[in-house]
Amino acid sequence: MTVETNTSKNGMPNAAAKYQPYPQVDIPDRTWPGKTITKPPIWCSVDLRDGNQSLVNPMGHDRKARMFQLLLDMNFKEIEIGFPSASQTDFDFARWCVEEGNVPDDVSLQVLVQCRPELITRTFEALEGARRPIIHFYNSTSELQRRVVFGKDVAGIKQIATDAAKMIMDMAAEAGGDYRFEYSPESFTGTELEVALEICNAVTEIVRPTADNKLIMNLPSTVEMATPNIYADQIEWMCRNLDNRENLIISLHPHNDRGTGIAATELGLMAGADRVEGTLFGNGERTGNVDVVTLALNMYTQGVDPKLDCSDIERIKAVYEYSNEMVIPERHPYVGELVYTAFSGSHQDAINKGMKAIRTANKPVWEVPYLPIDPQDVGRTYEAIIRINSQSGKGGIAYILQQDHGINLPRNLQVEFREDIQRITDEEGVELPSKRIYERFLERYVTQPEARLRFVDHHTYPDTTRKGVRIVSAEITDGGEPRRIEGQGTGPIDGFIHALSLHTGVEMSVVDYSEHSLQRGSNAAAIAYVEIEHPGGRLFGVGINTNIVTASLEAIVSAANRVLEETGR
Ligand SMILES: CC(=O)SCCNC(=O)CCNC(=O)[C@H](O)C(C)(C)COP(=O)(O)OP(=O)(O)OC[C@H]1O[C@@H](n2cnc3c(N)ncnc32)[C@H](O)[C@@H]1OP(=O)(O)O
Ligand SMILES: CC(C)C(=O)C(=O)O
C-alpha cells in the first residue's frame, strides 16, 4: 500500500497541493509585445502614503516634509500625501501642504480614502482649499477578499464602490472645489477581469469623467501574483473593454512580491497604461511598490526623457534614508554603492578601453561596456568605476593609476605591475584602495627605499676618437657610498646603461623607453619608463623628475636596482 505524502523531496510542502497556478488571460490578439515605451507616463509618488504605511515608524511631520520637498524638486506633478482620515498626523500634514506647503500650481495633492462615509467626510475636510486635489477612493474587489474579508458577493462589493463614488461626487459638488478623482479596484490582480470591469464601469458612470476632468482608473497589482506578461495582458484587456476609455487615465500601481514589479510596469505601459504610481527606490508594503527611480532611469537609458529629475541621486538616496529610516542595498539599480563599480579584470579592461574610446571619439553617445548609464548623469563620479581586488586585471590597475594619478603605464609594465598587485590582493584577500596601489607603485619603481643604487648627477661629452659616440660620466651612490661611473653610447640613456653595466657587472640594455608629463604648467614633472633586458629577462624601471633626462636616468637606476634585487646582488 502507498501512503500519499504532502511533503516533497526538498523538505518544503508539496507545491502543487498548496498553491494554484495563476490563470492565463484570453487575449490571443494581444498587441503589447510589439510596442515600445516612447514617452514617460504621468508619475505619481505614493511614498508618503503606501511607502509610509509600510514603515516600522511611520513618518512624522519633518520626515514627511523633507520627502515632500524632494518629490516637488524631482518634478512629480501628482503626489499622494497620505491617508488623512486615518491619522491625525496625516490629516495635519495634508493641512500643512494646503496652507504652507508652497505647492506649485501644476502639482495636484492626492489623498487616499476607503469607501466609508465617515472617512470620506474627513478627507474633504483635510483638502479644503487645495488646488485640483485628487481624491483617491478604493475598495478591494478580489474574489478572495469578497469571500473572506467582506463576506459579500460582486453586487455587494460593487455597491461599496458606487455608494462611495456617489457620496464623493455629491460632496465635491457641494464643496464647489476643483476636485479630481481616482478609483482603485484594490487587489485588481486577484479580481476576475469581468468583475473588475463591471465595478470600474459602474464607478465611471457615476463620476462621468470628461476630457477636462478625466477619471484616474488605477489598476493595482496590489499583490504581484503572476509573471509580468499576465499583468500586461490584463491592462490591455481593460484598456480595450472599459467604457469611456478616452476620458480615463489608466494608472498602474504595481507591487513587487515576485521581484518583477519593474518589468510588470514596463509591460503594462506597453499595454496602454498612461500613469504610474510608485515610490522612490521601491519602498512599500512587503517587498515594496514599484521603484519609480529605476523605471525613470530605464527609460532614460533608452533615449526617452523620463521627465523626472534624477540628476542628484545621492540626494534622493539621502532623503529616502532619512525619511524612511531605511538603507538602500549596495546592488540597487542606479543608486547602490557598487552599481558603477567593476572588480573583475575583464570588465575593468573593457570599461577602461570604452572610456578611452569615448574620450577619443568625442561623440555624445554613451557606449561603455558594462555601464548602461554614464554615472555622471545621476551625479555619481567616475571615481569608483574600477576597484581592485584579487579578481582584478592589469586594465583596472592601469585605469586607477591613470584616472587618480595621471600615470599612463606602458602595456608591458601593466602586466608586470599587475603580478605584484595580484600577489598582495591574494595574500590579503581584501580590496586594495587606489592610494595603496599608488604607494606600492612608487615604492617598487620610484622611491625604492631598500635599493642599492641612487642617481645623483651626470654629464656627457663627445668621444673625440669615435664619431657619434658620447661619453657619459655619472655620479651615483652605491650602498650610500659616492661613486663616479663612466660609459659610452649614442646618447645619455645608452651611455648611462653601459656605465651601470660595467659598474654592476650585469649586462643590461634598454629595449623600450617612453615618457609623459605628469601635470600641466611650467613645473610639470615628467615620468619616464624604461624596459631593460638583462641575462635573467626583462623588467621595468621608472623615474619621476622635473628634468626629463634626469627622469630617464633615474628610471634606469630603478630598473638596475630591481635587477640587482632579483639576482641577489
Ligand atoms: C492596499 C492598500 O495599501 S490599501 C491602504 C491601506 N492603508 C491603511 O490601511 C493605512 C491606514 N488605515 C488605517 O489607519 C485604518 O485601517 C483606518 C483608520 C482606515 C480604519 O480603521 P478601523 O476602522 O479601525 O479598522 P480596520 O482598518 O481594521 O477596518 C476594517 C473595516 O473596514 C472595511 N474596509 C476595509 N477597506 C475598505 C474599503 N476600501 N472600503 C470600505 N470598507 C473597507 C473592512 O471590511 C472592515 O469592516 P468591518 O469592521 O465591518 O469588518
Ligand atoms: C490603494 C491601492 C491602490 C493600493 O495601495 C494597492 O492596491 O496596493
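**One residue to begin with**

Student: Is Asn218 buried or exposed?

Tutor: Asn218 is buried, because 23 other C-beta atoms lie within 10 Å. The cut-offs are these: 20 or more other C-beta atoms within 10 Å of a residue's own is buried, 12 or fewer is exposed, and in between is partly exposed, with C-beta atoms placed from the backbone. Keep in mind that this is a predicted model, in which local features need pLDDT of at least 70, side-chain atom pairs count only at pLDDT 80 or more, and totals for chains, interfaces and linings use all residues. Residues are numbered from 1 along each chain as its sequence is written, while chains are lettered from A and ligands numbered from 1 in the order in which they are written.

Student: Ok. Which element is Asn218 in?

Tutor: Strand β6. Helices (H or I, at least four residues) and strands (E, at least two) are DSSP runs, numbered from the N terminus.

Student: And what does Asn218 touch?

Tutor: Setting aside neighbours within four places in sequence, Asn218 contacts Glu182, Tyr183, Ser184, Ser251, His253 and Glu277. Contact here is C-beta atoms, placed from the backbone, within 7 Å. Tyr183 is 35 residues from Asn218 along the chain, with 6.0 Å between their C-alpha atoms.

Student: Changing topic: which residues are around ligand 2?

Tutor: Asn218 is one of them; the others are Asp50, Leu112, Tyr138, Ser184, Glu186, Pro220, Thr222, His253 and His255. A residue is near a molecule or strand if its C-beta atom, placed from the backbone, lies within 6 Å of it.

Student: Which strands supply at least two residues of that shell?

Tutor: β5 (180-186) and β6 (215-221) each do.

Student: How does the shell around ligand 2 divide by class?

Tutor: There are 3 nonpolar, 5 polar and 2 charged residues. Ala, Val, Leu, Ile, Met, Phe, Trp, Tyr, Cys and Pro count as nonpolar, Asp, Glu, Lys and Arg as charged, and the others, Gly among them, as polar.

Student: Where does UniProt put the "binding site" feature?

Tutor: The unreviewed UniProt entry places it at Asp50, His253, His255 and Asn289. They are spread over 240 residues of sequence but cluster in space, with a largest C-alpha distance of 10.3 Å. UniProt positions are given in the numbering used here, feature names are shortened, and annotations may be inferred rather than shown by experiment.

Student: Where is Asp50, then?

Tutor: Asp50 is in helix α2 (residues 47-53). Asp50 counts as buried, with 24 C-beta neighbours inside 10 Å. Not counting residues up to four places away in sequence, Asp50 touches Thr279, Gly284, Glu285 and Asn289.

Student: And where is His255?

Tutor: In the loop between β7 (248-254) and α10 (261-270). His255 is buried too, with 24 other C-beta atoms within 10 Å. Beyond four places in sequence, the contacts of His255 include Thr222, Gly284 and Asn289.

Student: What about ligand 1, which residues come nearest?

Tutor: Of the 16 residues around ligand 1, Gln53, Ala86, Gln114, Cys115 and Asn139 come nearest. α2, β4 (134-140) and α6 (143-150) each give at least two residues to that shell. By class, the shell around ligand 1 has 7 nonpolar, 5 polar and 4 charged residues.

Student: Zooming out, how many helices and strands are in the chain?

Tutor: 18 helices and 14 strands. The chain's radius of gyration is 35 Å, whereas a compact globule of 569 residues would be near 25 Å. That radius is taken over C-alpha atoms, and the globule rule is 2.2 Å times the number of residues to the power 0.38.

Student: What are the domains?

Tutor: The assignment gives domain 1 (41-221 + 297-324), domain 2 (345-446) and domain 3 (453-566). Those bounds come from an automatic or database domain assignment. The C-alpha centres of domain 2 and domain 3 are 29 Å apart.

Student: How many residues of domain 2 are in contact with domain 3?

Tutor: 9 residues of domain 2, which contact 13 residues of domain 3. On the domain 2 side, α15 (411-428) and α16 (434-447) are the elements that give two or more residues. α15 gives the most, with 3 residues.

Student: Last one: what is Phi of Asn102?

Tutor: Near 50°, a positive value in a residue other than glycine. Asn102 is in the loop between α4 (88-100) and β3 (108-114). Asn102 is exposed, because 9 other C-beta atoms lie within 10 Å.

Methods:
Contact = placed C-beta atoms within 7 Å.
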